[in-house]
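Hello,

Here is the structure I promised to pass on to you. Please open it beside this email, and then read on for what turned up.

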Amino acid sequence: MELAFSSDQRELLDAFEQFFANESGPAIVRRAEPLGHDDSLWHKVDAMEVWGSGASTSDLAVIAESAGRWIAPVPFVEHAVASPLIDGLGAGIATISLRPADADGVWRLVPAGAVADVVIGVDGADLVAVRSTPPGSGPLNHASAPLADRSARDGERTVLGPAADMAMLLARWKVLTAASLVGVASMSLELALKYVQERQQFGVPIGSFQAVQHGLADLPGLIDGARLLAHKAAGAIDRGADGLCNIALNEIDDPLALASMAFVFAGDVAAHATDRSLHFHGGYGFAEEYDIQLYYRRARGWALILGEPAAELLTLADRFWPAAASAQGSGH
Amino acid sequence: MDFELSPEVVAYRERVRRIVAAHHTPEAIRVQHETGTFNNPSLNRALAAEGLIERAVPGLGAGDPIELWVLFNEIEKAGSPVDALGVAVMIAGVVQHVGNERQKAELVPAVTSGEALICMGYSEPDVGSDLSALTTRAVRDGDEWVINGAKMWTTMAHEASWVILLARTDPDLPRHKGLTMFLIPMDTPGIRVDPVHTMATERTNATFYDDVRVGDDCVLGEVNGGWRVMSVALSFERGVMGGTNPGVPLLEHTAAWARRSGRLAEPAVREKLARVAIDNHVAALLTQRSAWIAASGGLPGLEGSMTKLFASESYQKASRWFQEMAGAEGLLQLEQPGAAADGWIEYDARHSPVTTIYGGTTEINKNNIAERHLGLPRARR
Ligand SMILES: Cc1cc2nc3c(=O)[nH]c(=O)nc-3n(C[C@H](O)[C@H](O)[C@H](O)COP(=O)(O)OP(=O)(O)OC[C@H]3O[C@@H](n4cnc5c(N)ncnc54)[C@H](O)[C@@H]3O)c2cc1C
């Protein structure tokens, strides 16, 4: 049992914290808006070669948290999930479509779809990879994320396997996005702590007011809880755990269930933490000039791109209480 | 991170689970709710018979904080009460740590045999969160101490064999330095126990100390060292002895009811159930982390505060959601025909409010986290 990062992971985290602090400061993040992608930063990240087949989901989650802390304008999570499947399909950015292609053969609002060279997703009964020229732009959106619609038919198309293979890709995406959202939440708390100790009102730092303190004090437990859950999910994926879900005993080892849980929880925590942090910035929190608004928008955007949380919760409920449909007909 | 329990702990957990299942019977539950005494003597004895209480006492048994967490988490998840046994085990650990030979010889075996309970006399009618302001006095008279005062919320005093009583021995010293912890048999003349009934059926007590005379052998730890003894107790507790997963039996009761009633097919119901399952799991992971920190030689005091905040607030949220979801049937109590989840939803809705109050209120925990974890300046209050 070890409920903290290993020493290797701490080193990994330190290295990426230093890297993103130097290379993905707020000025870079702002410069990349509204597209939300910085190609020169991407090349530096790519050059660090963390994608190799040996990269565990756990280690990638450590890096994803750091990328989230610096809201780095690069498709780290998407490429980490998709690139292992396109070995030999050529270089460039890879991503996944979170939803199956629609009747017109279009993947809608693909994360990193504006910049990815290869998109992997479900089209009918197949999991396919399509290489085509990225549009380089997409619809303006809340998170300044490089979203775009992509065709599942036009381009160099390779069938990778049955559509069911998408489940594990989605689970990895959820876990790494959860880790990024933990990073968003933890940096938002740090921004709040810095601000409330500097800003003075009534002759004292606003951080000495109990109402302000109490508004922040429940965040560290939520953030730690979200991180623990994300890493439990990552570990379950890496081990190919046995799929146990025993709600009565509160024992859950199933990678898909844990990934959904981590994703929903981290989304809530990031929304809550950014909300509190923005609020305690007062009017400046609402100003474009202050960084917290960048975090506030991403906390929501990164979580909602998958769809409404209720749908995710219902999928989870199907896993936990599978016989429900028949219970309805059982005549009460 | 590695969340896996060792095979030994898994085997231990199975053992605990088996014993709890055999003794957490409908009859035991009925007696608890009838008497308001939330303790299960037959479970305590059965655990003792297998040596599991001795094993759990900090500093005495072979068990580590991981086992301590597993023991109380299993009892709690089954829906069986944890506090009475938890306090006894914790205080036995304190006595083992700072007690004199006679205290160790008498109290420790009484607890490890599953027979004796101990109550905590800290809070007073006028003193709760600001404990160092307490006014119960212990005055030297020859080679005895004479104790006078009143304590409030002395849970289990009506069943306990001893009370650990925090009293002021030196009013001239700074507030928390003039306090001494006493370990006093409950049958000592001058102690009176009056019941205090609570909205959740559970009985606690007001206790009164009227010229209670005890010798130096009843001092636990050092004279004027009571605050330190209390922190030893807290450091043994570490937030791993129950109280962080009350949502697990609540969810189980509610899901079973939803299945029986056909409500389980409703998306709104399923969504809430899934949310509570997530919160329950996060609460468990946070508790497991405290146990792991303690087992690795750390003191997870602040982590315990964070866990308590999260666990108590999510339990309250769950019990409110479930009661609303159950509608009018969610108002019906245990054993009432037609009660949603056999009345457990109503019971938890009545019980959950206390969890943000006792064992350190939400606000006190937030003060600690703000000052000692977030590093914010001492608050203007
Ligand atoms: C069922 C039950 C069982 C208990 N069992 C025991 C027991 O066995 N032994 C024992 O010694 N005690 C026991 N307690 C007492 C418990 O520990 C206290 O209730 C608790 O510490 C709070 O103290 P109080 O009730 O006096 O509330 P107060 O301290 O009066 O607090 C009232 C309100 O004011 C808030 N408040 C107080 N100070 C501050 C501050 N500085 N900043 C912000 N807000 C503040 C509190 O958070 C709370 O909401 C029990 C209580 C209950 C209800």
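Two notes on the source. This is a predicted model, in which local features need pLDDT of at least 70 and side-chain atom pairs count only at pLDDT 80 or more, while totals for chains, interfaces and linings use all residues. Residues are numbered from 1 along each chain as its sequence is written, chains are lettered from A and ligands numbered from 1 in the order in which they are written, and side-chain values use heavy atoms, with hydrogens and water left out.

Back to helix 9 of chain A: 18 of its 25 residues are buried, so it is largely enclosed by the rest of the structure. Buried means under 20% relative accessible area, exposed over 50%, and partly exposed in between (1.4 Å probe, protein chains only).

Next, cysteines. The search over all chains finds 0 disulfides, a disulfide being a pair of cysteine sulfur atoms within 2.5 Å. Take B:Cys218: its closest cysteine sulfur, in B:Cys119, is 14 Å away, too far for a bond. B:Cys218 is also buried, at 7% relative accessible area.

A:Glu33 and A:Pro34 are joined by a cis peptide bond, with omega about 0°; A:Pro34 sits in the loop between helix 2 (26–32) and helix 3 (39–47) of chain A.

Two residues have a positive phi without being glycine. One is A:Ser144, at about 45°, in the loop between strand 4 (126–131) and strand 5 (148–151) of chain A; A:Ser144 counts as buried at 8% relative accessibility. Another is B:Asp211, with phi near 50°. B:Asp211 belongs to strand 7 (residues 203–215) of chain B and is partly exposed, with a relative accessible area of 48%.

Lastly, look at B:Arg30 in helix 2 (residues 26–35) of chain B. B:Arg30 is partly exposed at 31% relative accessible area.

Happy exploring!

Conventions:
Helices (H or I, at least four residues) and strands (E, at least two) are DSSP runs, numbered from the N terminus.
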